[in-house]
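Here are my notes on this model, point by point. Keep the structure open as you read.

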Amino acid sequence: SREIEADLTEVLVTEQQIRDKLAELARRIEADYEGRDLLLVGVLKGAVMVMADLARELKPHVNMDWMAVSSYGAGTTSSGVVKILKDLDSDLSGRDVLIVEDIIDSGLTLSWLTGNLASRGAASIEICALLRKPDAAKVEIDVKYLGFDIPNQFVVGYGLDFAERYRNLRDVAILAPHVYS
Ligand code: PRP
Ligand code: MN
Ligand code: MG
């Protein structure tokens with residue numbers, strides 16, 4: 001269908017819930033980074049919506065930069081080997097870095113990314129993720145600013161895709177099995 005809603009079984013997190021949660025997280029971030037310059041690092045493409053809304057919710061100046069990394073591949077591979085498709089423009093030395101992600105699924109992307117960014121001399125590196133699937137974790141991720149824990153189901157919307165679709169849905173919703181089976 002051309003209508004996104006026809007492919008969904010259930011809305012899991014509404015646009016309003018996301019807005020409220022990001023406001024809550026933004027107040028914590030403002031307090032924690034008071035008097036420091038914060039660099040938000042968004043992970044393309046899923047983090048685009050969270051980055052846009054979180055950044056606009058923050059009152060002080062922030063810098064925004066982006067990275068694109070390759071997926072480590074579907075299925076059995078759990079090596080967590082990731083390739084940089086687009087690197088940051090910023091030099092991280094001495095910077096306070098906050099990685100912004102849409103979701104922590106297995107955790108492999110963020111596990112690799114935090115390791116990679118840590119080797120560049122940042123003063124601090126923390127993670128903000130809107131969603132996390134605790135039952136899908138292959139590695140533990142130390143996420144300082146978390147939106148919601150969700151069940152281990154295929155979710156789309158608010159940046160999250162299935163085959164590059166559904167990113168523009170305003171809510172986070174469960175994808176109907178008929179779409180991918
Ligand atoms: C998705 C999501 C996270 C990552 C989480 O990105 O946006 O970045 O997977 O999965 P993990 O915890 O198992 O590593 P994806 O690779 O689909 O690219 P995209 O952001 O462009 O959709
Ligand atoms: Mn992603
Ligand atoms: Mg994806």
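1. Begin with the shell around ligand 1. Its residues divide into five nonpolar, five polar and five charged. Bear in mind that this is a predicted model.

2. Which residues come nearest to ligand 1? They are Lys 45, Gly 46, Asp 105, Ser 106 and Thr 109, out of the 15 residues around the ligand.

3. Now trace the shell back to the fold. Strand S2 (38-44), strand S5 (96-104) and helix H3 (108-118) each supply at least two of its residues. S5 gives the most, with four residues.

4. S2 and S5 also belong to an open sheet of six strands. Read across it in the order S4-S3-S2-S5-S6-S7. The pairing is mixed. As a reminder, strands of a sheet pair through backbone hydrogen bonds, either parallel or antiparallel.

5. Which strands stand at the edges of the sheet? Strand S4 (84-86) and strand S7 (145-149) do. Each has a single partner strand, so one side of each is left without a neighbour in the sheet. On average, neighbouring strands here are turned by 30 degrees against each other, direction ignored.

6. S3 and S4 run antiparallel and are joined by two bridges. One pair to find is Val 69 with its bridge partner in S4, Ile 84.

7. Two helices to check against the sheet are H2 and H3. H2 packs on the sheet and touches S2, S3, S5 and S6. The direction of H2 makes about 155 degrees with that of S2. H3 packs on the sheet too, touching S2, S3, S5 and S6. For H3, the angle is about 170 degrees with the direction of S5.

8. Which residues of helix H2 (residues 48-57) are buried? Met 49, Val 50, Met 51 and Leu 54 are. Their cover includes helix H1 (15-32) as well as strands S2, S3 (62-69), S5 and S6 (124-132). An α-helix has 3.6 residues a turn, so residues three or four places apart point the same way.

9. Finish with the pairings of S9. Strand S1 (residues 8-13) and strand S9 (residues 172-175) run antiparallel, joined by four bridges. Glu 10 stands opposite Ile 174 in S9. Strand S8 (residues 155-156) also pairs with S9 in the antiparallel sense, over two bridges. There, Val 156 has Ala 173 of S9 as its bridge partner.

Notes:
Residues numbered from 1 in each chain as written. Chains lettered and ligands numbered in written order. Predicted model: local features only at pLDDT ≥ 70, side-chain atom pairs only at ≥ 80, totals over all residues. Near = placed C-beta within 6 Å. Nonpolar A, V, L, I, M, F, W, Y, C, P; charged D, E, K, R; others polar. Buried ≥ 20, exposed ≤ 12 C-beta atoms within 10 Å, placed from the backbone. Contact = placed C-beta atoms within 7 Å. Pairing = 2+ DSSP bridges. Axes fitted to C-alpha atoms, helices over the stretch in contact; angles between N-to-C directions.
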